[in-house]
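Me: I would like to go through the terms used for this model and set each value against its definition.

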Amino acid sequence: MTIEGLNDFLHSLEHSASLRRELNGCKNDSDLIDLAKKNGFPVTQVDLETSEESRKVQEWFRGFNINPIKR
């Protein structure tokens, strides 16, 4: 499990039209994980869940105009 793998995968999606086309064929998390692994990114279901939790926390902080602590 590596959140860096997920971040690297997302970065590649931003810069690769062909990878985005493949992403359009993903119907669920499993398909997304398979696509990431097929392209050399070590992404797991836990990475996706952790990323979602992080997003929710950031949205909560933004809703109250509180900036989260950056490490």
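Me: Which residues of helix α3 are buried?

Reply: In this predicted model, local features need pLDDT of at least 70, side-chain atom pairs count only at pLDDT 80 or more, and totals for chains, interfaces and linings use all residues. Residues are numbered from 1 along each chain as its sequence is written, and side-chain values use heavy atoms, with hydrogens and water left out. The buried residues of α3 (residues 29-38) are L32, I33, L35 and A36; buried means under 20% relative accessible area, with a 1.4 Å probe and protein chains only.

Me: What puts these residues on the same side of α3?

Reply: Their arc around the axis is only 160°, which places them on the same side of α3. The arc is that of the directions from the helix axis to the C-beta atoms.

Me: Why is the pair of F9 and F41 called tilted?

Reply: Rings of Phe, Tyr and Trp (its six-membered ring) pair if their centres lie within 6.5 Å; planes under 30 degrees apart count as stacked, over 60 as edge-to-face and the rest as tilted. The ring centres of F9 and F41 are 5.5 Å apart and the planes stand at 50°, so the pair is tilted. Both F9 and F41 are buried.

Me: What makes α1 roughly perpendicular to α2?

Reply: The axes of α1 and α2 (residues 17-24) come within 6 Å and cross at roughly 110°. That makes α1 roughly perpendicular to α2, since the term covers angles of 65 to 115 degrees.

Terms used:
Buried < 20%, exposed > 50% of the residue type's maximum accessible area, 1.4 Å probe, protein only. Helix = DSSP H or I, 4+ residues; strand = E, 2+ residues; numbered from the N terminus. Axes fitted to C-alpha atoms, helices over the stretch in contact; angles between N-to-C directions. Parallel < 35°, antiparallel > 145°, perpendicular 65-115°, else oblique.
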